[in-house]
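Me: I would like a close look at one part of this model. Please keep the reply brisk and spell out the cut-offs.
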Amino acid sequence: MHAEAAASARRLVSDLLAAVGARPGEVQHLLAVIEAGAVEGAHAEVAEDTQVPAGSSDEFGEGWLGAVQAVTSRLTHRQARVAAAEPEPPPWCVT
């Protein structure tokens with residue numbers, strides 16, 4: 001469901017930017033920057049949530065920390081893929 005909504009939002013933003021004269025490379029760059037920021041924010045939020053809920057068993061705590069590590073690992077890989085796929089910024093864009 002989220003992937004479908006994200007794809008629809010991406011198309012809408014692309015269409016809106018194109019309608020105001022943004023070139024395809026500029027549109028792709030802006031979308032890549034937005035996506036990279038979202039992935040980075042999610043990564044930071046998950047990485048901070050390493051506190052096992054109070055009163056949890058040792059087994060639950062191990063599972064909790066394993067899940068946090070798995071999610072941060074996937075986000076790290078996603079962040080690397082987004083960064084690698086990001087096109088060159090347009091000359092007017094300051095990053």
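What is the relative accessible area of Phe 60?

Reply: Phe 60 has a relative accessible area of 42%, so this residue is partly exposed. Buried means under 20% and exposed over 50%, with partly exposed in between (1.4 Å probe, protein chains only). The model is predicted: local features need pLDDT of at least 70, side-chain atom pairs need 80 or more, and totals for chains, interfaces and linings use all residues. Residues are numbered from 1 along each chain as its sequence is written, and side-chain values use heavy atoms, without hydrogens or water.

Phe 60 has a partner. The structure holds one aromatic pair. Phe 60 and Trp 64 form this pair, 6.0 Å centre to centre, tilted with 35° between the planes. Rings of Phe, Tyr and Trp (its six-membered ring) pair if their centres lie within 6.5 Å; planes under 30 degrees apart are stacked, over 60 edge-to-face, and the rest tilted. Both residues sit in helix H3 (residues 58–85), four residues apart, or about one turn of the helix. Helices are DSSP runs (H or I) of at least four residues, numbered from the N terminus. Trp 64 is also partly exposed. Its relative accessibility is 25%.

Elsewhere, two other helices meet. The axes of H1 (residues 2–19) and H2 (residues 24–48) come within 10 Å and cross at roughly 140°. Axes are lines fitted to C-alpha atoms over the stretch in contact, with angles from 0 to 180 degrees between N-to-C directions. H1 and H2 are therefore oblique to each other. Under 35 degrees is roughly parallel, over 145 roughly antiparallel, 65 to 115 roughly perpendicular, and the rest oblique.
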